Amino acid sequence: MLKQMPTSLKMANRTFLFFWVFLAAFPFFWMFLISFRSPVDAFSFPPKLFAPVTLEHFYTVWIVDGFWRQALNTTVITLGTLTVSLTIGCLAGYGLSRYRGSMGFWILIIALVFRAMPHVVMLVAYKPAFWAMGIWNRYETLIIVLVAINQPFTIWMLRSFFVNIPEELDQAALVDGCNRVQTFVKVIMPVMWPGVITTGLFSFLLAYNDFLISSQLMSGDHMTMTAALSNYIFSDDSLAKLMHGVAGAVSITIPLIFLVLFFQKYIVSGLTHGAVKG
Amino acid sequence: MKKKTFFAFVGPSVLVMLSLIAVPLLGVFYLSLHTSHVKTEIVEVKSVVPLFGGLTKTTVQKVPQPVLDEKGQPVKVWEFVGGRNFDTVADPGGLAKALSKDRSQTADGQPARLGQKLHGLYRDVTDIDFWGALEFTLMYAFFTTPCILVIGFVLAIAVNSLVQWARGPIIFASLLPHIITPVVGSLSIYWLFLDNAVVAALLEQLGAGKIYFLKDAVTIRALIILYGIWHVTPFAFVILYAGLQTVPKDALQAAEVDGASRWQRIRYIVIPHLGALFSFITLIHLMDAYRIFEPVLVFGSNLFANSLQYLTYYILHFEDNYAKAGASAILTVIGIIILLSPFLYRTFRDQKGGH
C-alpha cells in the first residue's frame, strides 16, 4: 500500500477541492437564488443570502411571454435530432468499425476536420440557401442541420464503442446464416446500449445547448428556449426584463441538472472514451 | 466487411455531412468571391407638372428602377469580384500602413521607447476588426490551454486521493460548468459581475472600492478568459482522472520503495504516463477555443473583445452582408486548417507508415 498523505497536504488538498466546488457551483447557485426574488432583493447592497420568495418572474416568462411554446420547440428539436443522429450514426459507426480499407480512415479524418469547423461558417451558406429554397424557419430544417453538425463527433464516438465489441460475435452470427443487416440489428445493437446512451447524451446536449444555429434559423413561434434567451440578454436597461432572463436561464438549467444527476456515469465515460481508449 | 456493404452502412451519414457541411463550404467560398446587388433598369417615367393658370407640362425623366421577377421580388445579381471581399475583411492595406508607420517619435515629439512603439503598433493592428478578432481568439486559446491542463491535473490528483464516496459529489459539481448551456453559463457569470450585483457589492463592502467590471476592455477580456477556464477545466479533469486509474500501481510502489518522493513519483511516473492525454486535451481545446462565441456574445459584444466566429456572426447578422461574411468565414477556415495541419500531417504519416 502507498503511504498515507501527511496531514498538511491532506488539508491543502481539501481546501483546494472545497474552493473548486464552490467556484464551479456558485454562479448557478446564485442564479437560482435570485430568480425567486424581486429585483430589489436580487441586486441589493449588501447582498442578502435570505430574501422573500416570489414566483412572479417564472410566471411572466412561462405564461405571459409564452416560454412554454419555446420549451415545446426545444423538445421537438432535441428529440428529433437525437433520433436521426443516432440512427444514421450507428449505421456509420458500425460500418467504420468493421471495414478494413483505407476509405474508412479518410472518412474519419475528414470528419475530424468538419468537427473543427466553426458553425458560423456553414451558417453563412445556410441563410441565403434555405431562404431561396423556402425551407426557412422549419423544424425539419433545423433538425437535419443539427444532425449534420453533430455527425462527425457522433460517428467517432460510436465507432470507438463498436470497436470494443469483439468481431467474433459478427463472425458467429454470419456463420449462423444472418446477413449483415440482421447481424447488426439482432446481435450487435443489443450489446451496444451503453454506447448508444452515452453518445445520445452528447447529441442531446449539442442540440439543446445550441444557440448560434438555432437563433439564426428559427424565429417567432418556432424559437428554441436557448435562442429565446437572446431576447433578454441585451436588456440591462430594465431590471425587470433582466430578471425574466434569469428565470428563463434557470428554466433551461433545471433539466440539465437532472441529466447530470441521473447519467453522471455515462457522461464521464463519454468524455473519457475518445481519449483513454485511444 | 465488403466495400459495397460498407458504403451502404456509412451512406446516410456521409450524405448528410456532404450536403450540409461540404457543399455549404463550397457555397461560402463562392459567396466570398462575389458581391450581390439588386438588378436595375432605366425606366422612362412621364409626369405631369402643373405650371400656372391651369396649364400643365409633361416631363419625361429617366429613372433607375429595380427589376422585379414574376413574384414581384427584386432580382439580385451576383457579380464576380475576386479578392475584393477578402480585402475588405482583412484590410491588407491598413495592415501594411500600421506596420510601416513611423513610430520613432511620440505625439509630443519625444523619441519613443520600444514599449511605446510596440503598444502603438498593437493598437493600430488590432483596430482592424479581423486582426483584432484573431488577436483575442489566439490570446484566449493560449491563456486558457495551460490553465486548464494544470488545474485539471491538480484536481484529478486531489480527487484521486479522496475516499471513494466523496468523489461522486465532487465530480457532479465539476461537470456543471462544462455541461450546462454555454450561453446560460456565460450569463450566470455575467450577472455576478454587473455593476450592482453580488461580486461588485461584496468587493465594495470589503473596501476594494467600486469596480466596474463590464465597462473596461481589460476586465472584460479577463472575465472571458476566466469563463473559458471555468468551462473547460472539468473536461481536462475528468479525462485526466480517468487516466490516473490506469497508472500501474506496482510502478508507483516500486518507486516508493526506492525512496522516490511524492512529487518525484508524479513527475517521473504519472505525468509521462498521461502524456498522450495532455496532447489530446490540447488538441480538442484548441479546436473549441478557436471557435469561441457565446462568452464573446454575452460579455464583449464586439466593442471590448471580438473573436473570429463572432466577427462572422456580426457581419452576417447585423451588417447582413453575405459576401463579406463569406470572406471572413473562409479566412476562419484557413486558420483552422493551419492550426490542425501539424496534427493532420502526423496522422497522415502514421497511416502511411502503418500500411
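Mentor: What follows starts at the interface and then moves into each chain in turn.

Please keep in mind throughout that this is a predicted model. On the interface itself, 100 residues of chain B are in contact with 98 residues of chain A, and the area buried between chain B and chain A comes to about 9000 Å², with carbon and sulfur atoms giving 81% of it. Within the area that chain B buries against chain A, B:M1, B:F9 and B:W191 supply 8%, which is more than any other three residues.

Between chain B and chain A the count is 13 residue pairs in polar contact, both residues being at pLDDT 80 or more, and the rule finds one salt bridge across the interface. In that salt bridge A:R115 pairs with B:D288, and the closest N and O atoms are 3.6 Å apart. As for the elements involved, helix α1 of chain B (residues 3-32) contributes 18 residues, the largest share of the side of chain B that touches chain A. Sorted by class, this side of chain B has 69 nonpolar, 23 polar and eight charged residues.

From the interface we can turn to the salt bridges in general. Side chains of opposite charge can pair when their charged atoms come close.

Another salt bridge is formed by the side chains of A:E167 and A:R100, at 2.2 Å from N to O. This pair, too, links distant parts of the chain, since A:E167 is in helix α8 of chain A while A:R100 is assigned to the loop between α4 and α5 of chain A, 67 residues apart. As to accessibility, A:E167 is partly exposed, with a relative accessible area of 25%, whereas A:R100 counts as exposed at 55% relative accessibility.

A further salt bridge brings together the side chains of A:R138 and A:E140, 3.0 Å apart from N to O. Here A:R138 is partly exposed, with a relative accessible area of 38%, and A:E140 counts as partly exposed at 46% relative accessibility.

Staying in chain A, A:N150 has its place in helix α7 (residues 139-163) of chain A. At 1% relative accessibility A:N150 counts as buried, and, leaving aside its neighbours within four places in sequence, A:N150 is in contact with A:S85, A:S203 and A:L206.

In chain B, the domain assignment gives domain 1 (1-32), domain 2 (92-127) and domain 3 (129-354). Taken over C-alpha atoms, the centres of domain 1 of chain B and domain 2 of chain B are separated by 48 Å.

Two residues of chain B complete the account. B:T137 is found in helix α5 (residues 129-160) of chain B and counts as buried, at 1% relative accessibility. A polar atom of the side chain of B:T137 lies 2.7 Å from the backbone oxygen of B:A133. Not counting residues up to four places away in sequence, B:T137 touches B:A289, B:Y290, B:N306, B:S307 and B:L308.

B:Y190, in turn, lies in helix α7 (residues 182-192) of chain B, and at 9% relative accessibility B:Y190 counts as buried. The C-alpha atoms of B:Y190 and B:F213 are separated by 9.5 Å, the two residues being 23 residues apart along the chain.

Technical notes
Residues are numbered from 1 along each chain as its sequence is written. Chains are lettered from A and ligands numbered from 1 in the order in which they are written. This is a predicted model: local features need pLDDT of at least 70, side-chain atom pairs count only at pLDDT 80 or more; totals for chains, interfaces and linings use all residues. Side-chain values use heavy atoms; hydrogens and water are left out. Helices (H or I, at least four residues) and strands (E, at least two) are DSSP runs, numbered from the N terminus. Buried means under 20% relative accessible area, exposed over 50%, partly exposed in between (1.4 Å probe, protein chains only). A polar contact is a pair of N or O atoms within 3.5 Å; within protein, one must be able to donate a hydrogen and the other to accept it, and residues adjacent in sequence count only if both atoms are side-chain atoms. Contact means heavy atoms within 4.5 Å. Domain bounds come from an automatic or database domain assignment. A salt bridge is a side-chain nitrogen of Lys or Arg within 4 Å of a carboxyl oxygen of Asp or Glu. Buried area is the accessible area (1.4 Å probe) that two parts lose on being put together, summed over both. Ala, Val, Leu, Ile, Met, Phe, Trp, Tyr, Cys and Pro count as nonpolar, Asp, Glu, Lys and Arg as charged, and the others, Gly among them, as polar.
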